[in-house]
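Here is my note for you to read with the model open beside it.

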There are 4 protein chains.
Amino acid sequence: MTKLWKKSGTKTNPDIEKYTAGTDYLFDRVLMPFDIAASRAHAKGLEKAHILSKDELTKILATLDELETSVEAGTVTITPEDEDCHTVIENHLVEKLGDIGKKIHTARSRNDQVATAVRLYMTHHLSIMHAALHALAAKFLDYAQVHQHVPIPGYSHTQQAMLTTVGHYAAAYAESLLDDADFLKAVESLIDKSPLGGAAGFGTSIPIDRDFTAKEMGFGRVQVNSLYVQNSRGKIESLYLEGLAQVMLTLQRFASDVLLFTTQEFDFFDVDESLTTGSSIMPHKKNLDVLELVRGNGSVVIADQLSVKELAKGLTSGYHRDVQLMKKPLFESTTIVAESIEVVGIVLGGLLPKPQHIEKKITDDIFTADIANELVQKEGMPFRDAYKKAADAKAGNVDLKKNIASKKSLGAPGNLGLDILRKRLRHK
Amino acid sequence: MTKLWKKSGTKTNPDIEKYTAGTDYLFDRVLMPFDIAASRAHAKGLEKAHILSKDELTKILATLDELETSVEAGTVTITPEDEDCHTVIENHLVEKLGDIGKKIHTARSRNDQVATAVRLYMTHHLSIMHAALHALAAKFLDYAQVHQHVPIPGYSHTQQAMLTTVGHYAAAYAESLLDDADFLKAVESLIDKSPLGGAAGFGTSIPIDRDFTAKEMGFGRVQVNSLYVQNSRGKIESLYLEGLAQVMLTLQRFASDVLLFTTQEFDFFDVDESLTTGSSIMPHKKNLDVLELVRGNGSVVIADQLSVKELAKGLTSGYHRDVQLMKKPLFESTTIVAESIEVVGIVLGGLLPKPQHIEKKITDDIFTADIANELVQKEGMPFRDAYKKAADAKAGNVDLKKNIASKKSLGAPGNLGLDILRKRLRHK
Amino acid sequence: MTKLWKKSGTKTNPDIEKYTAGTDYLFDRVLMPFDIAASRAHAKGLEKAHILSKDELTKILATLDELETSVEAGTVTITPEDEDCHTVIENHLVEKLGDIGKKIHTARSRNDQVATAVRLYMTHHLSIMHAALHALAAKFLDYAQVHQHVPIPGYSHTQQAMLTTVGHYAAAYAESLLDDADFLKAVESLIDKSPLGGAAGFGTSIPIDRDFTAKEMGFGRVQVNSLYVQNSRGKIESLYLEGLAQVMLTLQRFASDVLLFTTQEFDFFDVDESLTTGSSIMPHKKNLDVLELVRGNGSVVIADQLSVKELAKGLTSGYHRDVQLMKKPLFESTTIVAESIEVVGIVLGGLLPKPQHIEKKITDDIFTADIANELVQKEGMPFRDAYKKAADAKAGNVDLKKNIASKKSLGAPGNLGLDILRKRLRHK
Amino acid sequence: MTKLWKKSGTKTNPDIEKYTAGTDYLFDRVLMPFDIAASRAHAKGLEKAHILSKDELTKILATLDELETSVEAGTVTITPEDEDCHTVIENHLVEKLGDIGKKIHTARSRNDQVATAVRLYMTHHLSIMHAALHALAAKFLDYAQVHQHVPIPGYSHTQQAMLTTVGHYAAAYAESLLDDADFLKAVESLIDKSPLGGAAGFGTSIPIDRDFTAKEMGFGRVQVNSLYVQNSRGKIESLYLEGLAQVMLTLQRFASDVLLFTTQEFDFFDVDESLTTGSSIMPHKKNLDVLELVRGNGSVVIADQLSVKELAKGLTSGYHRDVQLMKKPLFESTTIVAESIEVVGIVLGGLLPKPQHIEKKITDDIFTADIANELVQKEGMPFRDAYKKAADAKAGNVDLKKNIASKKSLGAPGNLGLDILRKRLRHK
C-alpha cells in the first residue's frame with residue numbers, strides 16, 4: 001500500500017525497508033482497534049475545529065465502524081508493505097471516501113497517534129488485569145479460609161522456622177495480589193492522560209480541542225506539553241511494565257513455593273494430574289512444568305521492562321524510531337501476565353494439602369521460639385535469656401492447633417485478618 | 001560485640017563470617033536512626049502488652065534517645081563484628097540497662113526489624129525527593145516563562161522537525177518532573193504500611209498491637225500478613241527504585257538535550273564556566289561532565305533496580321539472606337537521585353540561550369508542515385494533498401514569533417499551559 | 001499429534017497445555033534442521049551400540065532425509081499440539097517405520113536433544129556471523145582507505161577535541177568488528193562440545209559412544225558430565241548472546257555517530273535518499289530510521305541476554321522447563337544481528353563525506369593540544385607548562401593535511417595501521 | 001591538590017565538583033598501582049622518543065618506585081580534591097622533580113591512562129581468578145572422587161528423575177568451573193592489548209613507540225586505532241564481567257543445590273557448624289547464609305554487567321565521562337568473585353553426605369527409565385513401547401551400586417571421566 005510519506009521519485013532500499021518495518025506490522029494488528037477508537041475521537045475533534053463538515057464526519061465515522069467490524073472479523077490484514085496500522089486506516093478512508101479521507105491526518109502525526117493507541121492499549125489492559133487480580137486474590141482468600149487450620153512448617157532461609165498454616169501462605173499471596181492490583185490502579189491513574197493533539201511533538205496551528213478529544217476517548221486528563229508526549233515514551237511503558245513485573249514477582253513466589261512443596265522430599269500437596277506434563281524418557285515423571293514457566297515468564301517480563309528503559313536511555317527530546325521497539329515487550333508481557341494469572345488460578349484449584357504427610361515432616365526445632373516466648377510470658381524471663389535457655393530445651397508433645405491458635409498478632413497464623421483483606425476486594 | 005544468635009561453644013569460620021557481613025555494616029550506619037525510631041515504637045508496644053513496665057519503658061526510651069544523639073554526633077560506629085545496627089542497638093540497651101535491655105527483642109525478629117527500618121528509610125526519602133522534584137519543576141517553569149518566546153528548532157529523529165521555543169522544552173521537563181513527583185507520591189502511599197510485628201515471618205503469641213506501633217511510627221496502615229511482610233522484600237524495593245529510575249529518565253533526557261545543544265556545531269546555549277571541567281591534555285576543553293554523569297547515573301539506577309528484582313527472583317516464601325544485598329542499590333540510588341536533582345537545578349541556572357546563534361541554524365525545511373496546515377486552513381485543501389504540495393514549496397520569509405504564536409493547541413509552543421502546570425505545584 | 005509422554009487415561013487441562021506449549025512450537029521450526037542432524041548422528045550411534053540393525057539405520061536415515069527435504073520445502077509444520085520438533089520427528093519416524101521408529105529415542109531424552117539442537121544452531125550461526133563481520137570490517141577498511149585524508153573533528157565529551165579524519169573513524173569501527181569476530185570465534189571454540197548422550201542429565205546404561213556422535217555432528221569435543229550438560233543451559237546461551245551484544249555495541253556506536261553527524265547542524269555526510277524514510281506530517285523529513293533501529297536493536301539484544309541469565313538464576317541442578325524460554329531471546333537476537341550487519345553495510349555504501357561543509361565547522365580550539373605539543377617538541381618546554389601557554393594561544397592558519405600527517409603514533413590519524421588490520425582479515 | 005586542567009581564574013561550582021568527583025577517588029586507590037606501572041612504561045617510552053633524557057627517566061622511575069612503596073604502605077591517600085590517581089601521580093612527580101615531573105604527561109591523556117590502568121587491572125585479576133578457579137575445580141574433583149559411589153537422587157524439574165551419585169554432582173561443578181576458567185583465559189587473550197598511546201583518542205605527533213610501551217607493561221599486542229581505544233570502553237568491561245558472571249552462575253547453581261539438599265526435608269548433607277549463622281529470635285536455627293549470599297551476589301554481578309552495557313549504550317565515538325562509572329561495577333564484582341570462590345571452597349570442605357538418610361529418600365519411581373532401558377537391552381523391545389510398559393512396572397529391590405555402575409556412557413554416574421577433567425587442570 002501507499003506509504004503516507006511517499007513522494008514521487010523516491011525509493012527506499014528494499015533491505016532497509018524490510019529492516020525498518022521489522023515485525024512491527026504484526027504488533028499493529030493488536031493496536032488497530034485502539035487506533036480506530038482514537039481516529040474516531042480525532043475526527044470528531046476535526047469537525048469541532050471546522051476542518052470536517054458534519055456530513056464528512058458522519059461518513060468517516062461510518063467507515064471507521066465498518067473497518068472495526070472487519071478487524072473484529074479478522075478480514076483486515078496489515079502487511080509489511082503497509083508499514084503500520086495508521087497507514088492502513090488512512091488508506092482505507094481515502095480509498096472509500098476520497099478527498100474526505102485525505103483530511104483525517106490534519107493536525108495529527110503518527111507520533112501522537114501511536115502514543116495514543118498505545119496509551120489506550122495500556123489503560124484497557126490495566127483494567128482487565130486489575131479485575132483478574134481481584135478474582136485470583138478472592139480464590140486465594142477462599143483457599144486461606146478453607147485451609148486456615150492446616151499446619152505446615154513456616155520457613156526462613158528455606159529452613160523450618162516456626163509453625164504456620166496453609167491458610168497463612170494463601171493469605172500472603174492474596175495480600176500480595178491485592179497490593180499488585182492497587183499498584184496497577186495507581187499506574188492507570190498516573191498514565192490516564194491523552195497524548196492526542198501533541199502532533200509530531202510541537203503541536204499545531206489547527207484549532208483542535210484536546211480536552212474534548214481526551215474526553216471522547218475516556219481519558220481523565222490531557223498530557224499537556226506536546227514535546228513531553230514524545231519524551232514520556234519509555235517512561236510510561238516502564239511504569240506499566242513495573243506493574244506487570246510486580247504481578248509476576250507475586251506469582252513467581254507462589255510457583256517457587258509449590259515447586260518446592262511438591263518435591264517427593266517435601267510432598268506437602270496432592271497435585272491434580274491434569275496440571276502436570278510428562279517426560280519423554282522417564283515414564284513416572286509428572287512435572288508441574290506450568291509453574292516452572294510461570295517462574296520463567298517472570299524473568300521474561302523483567303527483561304521486557306529493562307528493554308524499554310534501555311531503549312529510552314540517552315535519547316534526546318522528540319520522537320525517535322527506537323521507540324517502535326517498545327511495542328513487542330509491552331504486548332508480550334501483557335499476554336504473559338494475563339495467561340499467568342489464569343493458569344495460577346487453575347493450579348490453585350488442583351492443589352490439596354496432605355496434612356498427615358506434612359505433620360510427619362515438622363521437626364521439634366520449629367517450636368524453640370515458642371518456648372522462649374513462653375518463658376517470657378509465663379516466667380517473666382527477659383527474651384534474650386529465654387532465647388538462650390530455649391536453645392537447649394525440648395519441645396515435647398506440642399498441640400499443633402493450640403500452637404497456631406496462640407499466634408494472635410494481626411496477620412499471624414492464628415489471626416489471619418482475612419476480613420480486612422476481603423474488605424479490600426469489595427472496595428475496588 | 002556479641003552476636004544476638006551466639007550460643008556458647010559455636011564458632012563461625014572467620015572467612016565465612018567476613019563474607020556474610022560483607023559491607024553490610026556500612027549500610028547499617030544509614031539505617032540506624034530508622035531502627036532507633038522503630039525500636040522506640042516497639043518498646044511502647046511491649047509496654048502496652050505488659051512485657052515492659054512503665055518504668056522499664058521510660059528507661060529504654062531515654063537510652064534510645066541518648067543513642068540517637070550519639071549517632072547524630074557521629075560517635076557511634078558499627079564494626080563488621082557488630083554485624084548490623086540491630087545488634088548494636090540491642091547490645092547498647094543490654095549494656096546500659098541489663099535485664100531490661102534483654103527484653104527489647106521480645107516479639108520481634110531482625111527480619112521484621114530490618115523490613116521496618118528500610119520501609120521508614122524509603123518513606124522518609126520519598127517525601128524529601130518529592131519536595132525536591134517540585135522545587136526543580138518550579139525552576140523549569142520559571143525558565144519556561146522567561147524563555148517562552150525564544151525560538152529554537154524542535155527535533156524528531158534528531159532532525160529539525162518544526163519550530164518551537166526554549167520555553168516549550170523547559171515546560172516539557174517540568175511536566176515530566178511533576179509526573180515523577182506524582183509517581184513518588186503514589187509509591188509512598190502504596191508502601192506506607194508497617195511491617196513491624198511480622199516477627200520472623202510467622203507472627204507471635206505475645207499480644208502486641210500492630211496498629212498501635214504502626215501509628216507510633218507514622219505509618220498509615222499495617223501490612224497485614226506476617227509472611228507477606230517478608231515476601232514483599234524486593235517488590236517494595238523495586239517499586240521505590242522504579243520511582244527513582246523515572247526521575248533519572250527525566251533528568252537523563254534533559255542532560256542529553258543540553259549535551260547536544262552545547263556542541264560547537266549546535267551552540268544554542270551559553271554555559272557558565274562554573275559548570276564545566278577541563279581536559280588534562282587539551283587546554284581549550286570546557287566539558288559539561290556533570291551532565292554526562294547525570295546521564296550515566298541514570299544507568300546506574302536502572303541497574304540497581306534490576307539488581308533488586310534479580311535478587312528476589314525465584315525465592316520461596318520467608319526471609320532469605322539474599323535480601324540483605326538490596327540495601328546497597330537502595331541507598332546508592334537514593335543518593336544519586338538526591339544529588340542529581342540538585343545539580344540539574346544548578347546547571348539550569350547557568351544555561352543561557354543564544355537566540356541569534358540559534359536563529360542562524362533554523363532551516364527552511366522546518367516550516368513545511370506549517371505550509372501544509374496553511375493550505376488546509378486557508379484553501380480547504382485535504383491534508384494529504386497539502387502535504388504533497390508543501391514538499392515542493394519554499395517557506396520564504398517566516399516571522400518566527402508569529403509562527404510560534406500560531407501554534408495554539410494546548411501544550412504547543414504558542415500555548416504552553418504553564419498555569420495548568422503551576423497549579424499542580426501548588427496542589428501537592 | 002501424540003505426545004511422547006502420554007500414557008493412556010491422563011489428560012492435561014487445555015489451558016495448562018496451551019500455557020506450557022506457549023509459542024515454543026514456532027521456535028522449533030527453526031530448530032528442526034538441527035534436530036534432524038542430531039537425530040541422524042544419534043541413529044548411527046544406536047547402530048554402533050547394536051540397538052539398531054544396519055538395515056534399520058538405513059531406513060531411519062532415509063526417512064530423516066525425506067523429512068529434511070520436506071522441512072526445506074516448507075511442507076512440514078509444527079502445531080501447538082505437536083509440542084515441539086522432537087515430537088514431530090519421532091512421530092514421523094514411527095508413522096513411517098513403525099517399531100523401528102519407536103527405537104530412535106533409546107538412550108536420549110528431549111533434555112539432551114534440545115541442548116544439542118540449540119548448540120548446533122549456535123555454532124552454525126557463529127560461523128555465519130563471523131564471516132559477515134569480516135565482510136563488514138573489509139568494507140569499513142576500504143572506506144577508511146578512500147577517506148583517510150578527509151579531515152573531520154575528533155570529539156571527546158561530544159566536544160571538538162582534536163582534528164582527525166573520516167578514515168580514522170572508519171578504521172575504529174573496523175577494528176571493533178574484527179575484535180567482535182575474534183570473540184565470536186572464541187565463543188564458538190568454547191561451546192564446541194557435544195551435549196548428546198547426556199540423556200535426561202544422568203547418562204544411560206545403553207553403551208553409546210559419545211565421542212563418535214560428537215564427531216558425526218562436527219563437534220570438536222564432548223561436554224563430559226551429563227548433569228553439567230543441563231546445568232550449562234543459560235551459561236552457554238549467555239556467552240553466545242554476549243558475542244551478539246558485543247557486535248551490537250559496535251554497530252550502535254556507528255549508528256550514534258552517523259545520526260549525530262547527519263543532523264542539519266553537523267551536516268558532515270551526504271546520505272543517499274534510498275536509506276531514508278519520511279514523515280506522515282512533515283513533508284521535508286528524510287530520516288535515517290534504519291540507524292535508530294540499529295541503535296534500538298542493540299538494546300533488545302542486551303535485554304535478551306539479561307533474560308537468559310535471569311532465567312538461569314537460582315535454578316538447582318538438572319533440567320527445568322524455564323530453559324525453554326531461552327529459545328526466543330536466542331533466535332530473536334540472532335536475526336537482529338544478522339540483519340543489522342547487513343543494513344549497516346548498505347548504509348555505509350550510501351554515506352559520502354562533505355569535506356567543505358566539515359572544514360567550515362572545525363574550530364580553532366581543536367588545535368590547542370597540537371600547539372602544546374609543538375612547544376614541547378620545538379622549544380623543549382615541559383608539557384604541563386606548554387599546556388598552560390597553549391590555552392591562550394591562537395592557532396592561526398593551520399594546514400589540515402599537514403596537521404593530520406603529523407600524528408604518526410600507531411593508530412593515529414596520520415598512521416592508521418590499515419595494513420595491520422587487513423592482515424587480521426586474511427588470517428581468519 | 002591542583003587539578004591538571006586548572007587554568008587561573010576559573011572556578012567550578014563546589015556542588016558540581018563534588019558530583020563529578022563522586023566516589024571515584026575511592027576507586028582510584030585500587031587503580032593506583034596499575035597507573036604507576038603504566039607511568040613507568042610511558043616514561044621509558046618518552047625517553048626513547050627523546051622527550052626525557054636518560055637522567056630524567058632515572059629520576060622519574062625512582063620517584064615512581066618511592067610512590068609505589070608509599071602506596072603499598074598505605075601512606076598515600078587520594079582525596080576528592082585530588083580527583084583521581086592520575087592527578088596524584090603527576091602532582092607527586094612535579095612536587096619532587098619540578099620541571100622534569102611536568103614532562104610526564106607528554107603524549108598521553110587521562111583518557112588513555114585510565115583505559116590502560118583499568119586494562120592492567122583486568123588482566124591482573126583474570127590471571128588470579130583463573131588460578132583460583134582451577135584450585136576450586138581441583139577441590140571438587142577430589143570431592144567427586146571420594147564420593148563417587150555415594151548414591152543420591154538426580155533431579156529434573158526438582159523431581160526425582162534417575163539415580164546418580166554425589167560424585168556426579170561434584171564433577172558437574174568441576175567441569176563448569178574448568179569451562180569458566182577457559183573463558184576467563186579467552187577473555188584475557190582477547191583484551192590483552194595496550195591502549196597506551198591512544199592519548200585523548202586521536203594519537204599524537206610525539207614519536208612514541210606504542211609497541212615498546214605495550215611490551216614494557218607485558219601486553220601481547222597494541223590496540224591499534226586510537227579512537228577505538230576509547231570506543232571499546234564498556235565493551236571490554238562487559239566481556240570481563242561476562243567472565244565473572246559465568247563464574248557466579250556456576251557457584252549459584254552449587255549454592256542452590258546445597259540450600260535445597262540441606263533443608264530438613266531433604267537432609268542429604270551434614271553441615272559443619274562453622275559454616276552457619278543463627279537467628280536472633282529462633283534459637284535452633286543454623287542457616288547457610290553464606291550460600292544465600294553467594295546466590296545473591298550472583299545477581300549483583302549480573303546487574304553490574306548490565307550497568308556497564310547501559311552506560312555504553314548510545315554513546316558516540318570518543319571519551320565521555322559516563323565511563324568513569326564503570327569502575328565501581330568492575331571492582332565490586334571482582335571482589336565478589338574472588339571472595340565467593342574462596343568461601344565455596346571452604347563450604348565444600350564442611351559438607352559431608354549422609355548416605356543412610358539419602359537412601360531412605362530414594363523413591364521407586366526413580367528406576368522407571370532403567371526398567372525401560374532393560375526392556376530395550378534384554379528383550380529388544382522398541383524404546384517407546386518399553387517406556388509405556390515401564391510406567392506400570394515396579395522396581396523391586398534395586399542394588400544401588402550396580403544401578404550406578406551400569407550407567408557407563410561417558411560423563412554418566414558410572415563413568416565420570418574424572419581423568420579427562422583432571423587433565424584439563426594440568427594443561428593450563
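How many residue pairs are in polar contact across the interface of chain C and chain B?

1. Before the answer, a word on what you are looking at. This is a predicted model, in which local features need pLDDT of at least 70 and side-chain atom pairs count only at pLDDT 80 or more, while totals for chains, interfaces and linings use all residues. Residues are numbered from 1 along each chain as its sequence is written, chains are lettered from A and ligands numbered from 1 in the order in which they are written, and side-chain values use heavy atoms, with hydrogens and water left out.

2. Now the answer: the rule finds 17 residue pairs in polar contact between chain C and chain B, both residues being at pLDDT 80 or more. A polar contact is a pair of N or O atoms within 3.5 Å; within protein, one must be able to donate a hydrogen and the other to accept it, and residues adjacent in sequence count only if both atoms are side-chain atoms. On the side of chain C that touches chain B, H10(C) gives the most, with 5 residues. (Helices are DSSP runs of H or I with at least four residues, numbered from the N terminus.) That side of chain C divides into 18 nonpolar, 14 polar and 9 charged residues. Here Ala, Val, Leu, Ile, Met, Phe, Trp, Tyr, Cys and Pro count as nonpolar, Asp, Glu, Lys and Arg as charged, and the others, Gly among them, as polar.

3. (A salt bridge is a side-chain nitrogen of Lys or Arg within 4 Å of a carboxyl oxygen of Asp or Glu.) The contact, meaning heavy atoms within 4.5 Å, takes 41 residues from chain C and 42 residues from chain B.

4. How are these two copies related? A rotation of 180° with 0.0 Å of shift along its axis superposes chain C on chain B, with an RMSD of 0.0 Å. The two copies are thus related as by a two-fold rotation axis. Superposition is by least squares on the C-alpha atoms of residues with pLDDT of at least 70 in both copies. Glu265(C) is the residue of chain C that comes closest to the axis, its C-alpha being at 2.8 Å.

5. Next, turn to H1(D), which covers residues 14-21 and has Ile16(D), Tyr19(D), Thr20(D) and Ala21(D) buried. (Buried means under 20% relative accessible area, with a 1.4 Å probe and protein chains only.) These buried residues pack against helices H10 and H11 of chain B, together with helix H2 of chain D. At the N-terminal end, Asn13(D) caps H1(D), with a side-chain oxygen 2.7 Å from the backbone nitrogen of Asp15(D). Just after the helix, Gly22(D) takes a positive phi of about 55°.

6. Last, find Thr250(A) in helix H9 of chain A. Is Thr250(A) buried or exposed? Thr250(A) is buried, with a relative accessible area of 4%. The side chain of Thr250(A) makes polar contacts with the side chains of Ser176(A), at 2.7 Å, and Asp180(A), at 2.5 Å. Leaving aside neighbours within four places in sequence, the residues in contact with Thr250(A) include Lys235(B).

Conventions: Helix = DSSP H or I, 4+ residues; strand = E, 2+ residues; numbered from the N terminus. Buried < 20%, exposed > 50% of the residue type's maximum accessible area, 1.4 Å probe, protein only.
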